[in-house]
Amino acid sequence: MKQLTIAFAAPCLLAASLLAAPSLAADKKAPPREPVPTGRLDSLMPAAPRYLVPQSALADARNPAEIEKETGGRLGVALVDKSGALLLGFNRDERFAMCSTFKAPLAAAVLIGAEGGKFGLEGTIPFGKDDILDYAPVVKKNLKRGRMTMAELAQAAVEVSDNSAANLLLPMLGGPEGLTAFIRAHGDSVTRLDRNEPALNENAEGDERDTTSPAAMAGLMGRLFFKDMQGDSADRLRTWFNASSTGDHRIKAGLPEGWTSGSKTGTCGTAYNDVALVKSPAGDEYILAVYLDRPTVDAKKAEAAIAETAKAALAFVAKAQKSGLE
C-alpha cells in the first residue's frame with residue numbers, strides 16, 4: 001500500500017502547503033512529489049513527518065469540519081504523542097472554556113506539590129456546610145467528618161468532577177493564580193484559570209478567563225504525564241483518569257477496537273469537553289483533547305460528536321507507522 005509522509009501545516013493553509021516526502025521504497029534521491037490530495041481529512045492537520053500514513057487512513061476518517069457543522073457549534077481537537085509531538089489538530093490553537101477539564105492539571109499540581117514536599121497527600125483540609133456546592137457528591141458524603149485528605153479531594157475532583165473538592169484544593173496551590181503559575185512553569189503559555197467553581201463555567205463570548213486551547217491542554221497533560229511527574233505520581237493520576245465515571249459517552253465511546261482510555265471531562269452547559277489519556281493495543285500512549293463550544297444540538301448529540309471526533313483521530317493514528325524520521 002502506498003504511504004505518505006505528511007508535514008505539519010495550519011488547517012486553513014493545508015491544501016496549499018502539504019508536501020509529500022518520497023516513499024521509503026523509492027530512491028532517496030528522487031525529487032519531492034507534488035502535493036497529494038488528502039480526501040476528507042483536508043482540514044485536519046495530519047501526522048508529523050515521523051509518521052507514515054496510508055491512503056486508507058485518509059479515506060476512512062471523517063473530516064472534523066463535518067462533525068463541527070452537524071453540532072452547530074465550534075469544535076477543537078489536538079492529539080499529542082508521548083514525545084510531545086502534536087500529531088493532529090483542528091482549531092487546535094483557538095481558545096475554549098476549560099470548564100472542569102482544569103481539574104486535570106489541578107490534580108497533577110497536587111501530586112507534584114507533594115513530590116516537592118510542599119504538603120503531604122495525607123494532610124487534611126477542613127470544610128463546613130458553606131463549602132458545599134450544588135455538585136459535590138464526595139464532599140457532601142464527608143460533611144459529617146468535616147475534613148478530607150488532599151489525595152481524597154484530588155481523586156474526587158478527577159473521578160467524579162467534584163466541584164467543592166477542587167475549590168478546597170485551590171488555596172493550597174495559591175488559588176487560580178497559583179494554578180496558572182504552575183501551568184506556566186510546565187511550559188504552557190496559553191491555559192489560564194482565573195476563578196473558582198462555579199464562576200469559571202460562565203463561558204462568556206470573547207472572555208479569555210478560564211480558557212485553554214486544545215493544543216495547549218493536550219501538550220500540558222502530555223508533559224505532566226510523560227515527563228514532569230514522577231512515576232508513582234503519574235501512575236496515580238492514570239488510575240484516577242481510568243476510574244473517571246463522567247466520560248463514558250465521549251472520547252471513550254469512540255475508541256478503536258483494542259484501545260483504552262481514561263479522561264477528565266468538562267461541561268459548562270454551553271460547552272462539552274474531554275481530555276483523555278488513550279492507549280493503543282501496542283501500549284503507545286497519547287493525549288487527546290476535544291473541546292466543543294456552544295453546540296445547538298442536545299447533550300446526547302454533543303457527546304456523540306466528541307466520540308465521533310475521537311474515532312476519526314484515533315483511527316487515523318492507529319493506521320500510521322513510525323517512519324524512523326525524528
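So, is Glu70 buried or exposed? Exposed, with a relative accessible area of 52%, where exposed means over 50%, buried means under 20% and partly exposed lies in between (1.4 Å probe, protein chains only).

Quick housekeeping. This is a predicted model, where local features need pLDDT of at least 70 and side-chain atom pairs count only at pLDDT 80 or more, while totals for chains, interfaces and linings use all residues. Residues are numbered from 1 along each chain as its sequence is written, and side-chain values use heavy atoms, with hydrogens and water left out.

Okay, salt bridges. By that I mean a side-chain nitrogen of Lys or Arg within 4 Å of a carboxyl oxygen of Asp or Glu. The structure has 20 of them. Our Glu70 makes one with Arg62, at 2.7 Å, N to O.

Next, Arg195 and Asp210, which pair at 2.6 Å, N to O. Both sit in the loop between helix 8 (175-185) and strand 8 (211-212), 15 residues apart. Helices (H or I, at least four residues) and strands (E, at least two) are DSSP runs, by the way, numbered from the N terminus. Arg195 is buried at 13% relative accessible area, and Asp210 is buried too, at 1%.

Then there's Glu285 with Arg238, a salt bridge at 2.9 Å, N to O. Here Glu285 belongs to strand 11 (residues 285-293) and Arg238 to helix 10 (residues 231-243), so the pair links distant parts of the chain, 47 residues apart. Glu285 comes out buried at 8%, and Arg238 is buried at 17%.

Last one: Arg74, Glu94, Glu205, Asp293 and Arg294 form one network, joined by salt bridges that share partners.
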